[in-house]
Amino acid sequence: MFDTIIYGGTAVFEDGAVRAGIGVKDGKIAAVGELSGEEALRYVDARGCCLLPGAVDCHAHLNDPGFTWREDFETGTAAAAAGGVTTVIDMPLQNRPPLFDKKAFDAKLAALDGRAAVDYAFWGAALDYNIDDLEELDAAGCAAYKIFLGPVSDDYQTLTHETAEKVAEKAAKFGGLLGFHAEDYDIIKGLEAKFSAEGAPTRRNFLDSRPVEAELAAVRFVLGLSERLGVRAHICHVSHPAVAELIAEAQRRGAPVTAETCMHYLIFSEKELLEKGMIFKCAPPLRTEEARDALWNYVKNGVLAAICSDHSPCRADEKDEAAHGVFGAWGGISGIQSTAQLFYEYAVNRKKYPVEIMARELSANPAKIFGLYGQKGALKPGFDADIVIFDPNLEWTITEDSLLYKNKISAFAGLSGRGAPVETLVRGETVYKRGRGPLGFHGRFVKPRGKEEKR
């Protein structure tokens, strides 16, 4: 007897898709295959739909506890559930304090209890004053540690190369994963000063202040660290194919390096920012149309192993160019609710990639990189029953009214396509149905596998 049987759908795996039912028992996937004649307490009709493993968004800023006028865990995880995301790995900045030690870890864990619609894991902070705390954070259950090499808001800290190397030496000893915002601080700050001295900086000046050379320089440094020290490194939000090619070359040499990108780099170009303004501001910035189109090749071949949102919400007034200027306006794009449907539209519908790329890039790969595979990331017996019923024929338009964010603004508003989640289950419980959700806040903290033994 199963608790739930989902029947009539097409189950999507990393290596293909087949018609199959899924049986759920005690929050876990108990069976995948032909389940006709089996009994269950509940039956879910998925005819005409794909059954996707719940997405693992490995890069999101939910601002809680701390900067909750931008987003909080209720609104951010509700939006995640609506977007087919069943696990969010939350960043340590835009928290008060940053997640820099065990006390901050415990405080964040307590603050979020009972306030998440989906499951969640934590990035830890990597700063110049908490190097000796990293191993304790690792034992507590942080999945990775975030380093900024480029400029960052005042609530966090840019690391020098010398300090980043000290962090890497420490992380290498306990097998920790370091994630890098890889842009060169000195290049960017020098160009900002130059443009500011010439008069009121323009949108073009903002783009030119963060050239691809700044991203390349920082990535070269990270790859050198990884290869020299053997530390695991993850390059966040890759924006340009030249950067992806550097990473590909390091991977071919055997470096323990992974990388991600986001839908805004795969859909938009600098043209949108120049024409429409700060709603399209992010860092690294949007690149040329040619760079955008070439970046897809590195998604297809798996060099960019994960598609994440880098969900970076703010109030509308924080994007006000007249009030803050192009350098002062908030840089970030809200996207956690839209990633899966956008990826399906642009990768599967338009580029004709096989549907299994959804399972690979949104679920399995990020779960593997961040130590969650075996719990999360696949439709396999023994895994958590995190399942998305995805209607490939559902037509949609993203509107601000449809967004569940606290601040209903997004660069993706106005885009249309076909194919979207219609029901999201976390550990076998339905947390979202299209037009209805969230259906409760029962999300749990998830530790990477193996961390229990380190306590």
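Student: Where is Asn63 found?

Tutor: This is a predicted model, where local features need pLDDT of at least 70, side-chain atom pairs count only at pLDDT 80 or more, and totals for chains, interfaces and linings use all residues. Residues are numbered from 1 along each chain as its sequence is written, and side-chain values use heavy atoms, leaving out hydrogens and water. Helices (H or I, at least four residues) and strands (E, at least two) are DSSP runs, numbered from the N terminus. Asn63 sits in the loop between strand 8 and helix 1.

Student: Is Asn63 buried or exposed?

Tutor: Buried means under 20% relative accessible area, exposed over 50%, partly exposed in between (1.4 Å probe, protein chains only). Asn63 has a relative accessible area of 1%. That makes Asn63 buried.

Student: What is phi of Asn63?

Tutor: Most residues other than glycine have a negative phi. Asn63 has a positive value. Its phi is near 65 degrees.

Student: Which peptide bond from Asp64 is cis?

Tutor: Most peptide bonds are trans. Here omega is near 5 degrees. Pro65 lies in the loop between strand 8 (55-60) and helix 1 (73-82). The cis bond runs from Asp64 to Pro65.

Student: Which residues have the most contacts inside the largest nonpolar core?

Tutor: A nonpolar core is a set of buried Ala, Val, Leu, Ile, Met, Phe, Trp, Tyr and Cys residues joined through side-chain atoms within 4.5 Å. The largest has 134 residues. Its largest share, eight residues, comes from helix 7 (residues 212-229). Those with the most contacts inside this core are Met263 and Phe343.
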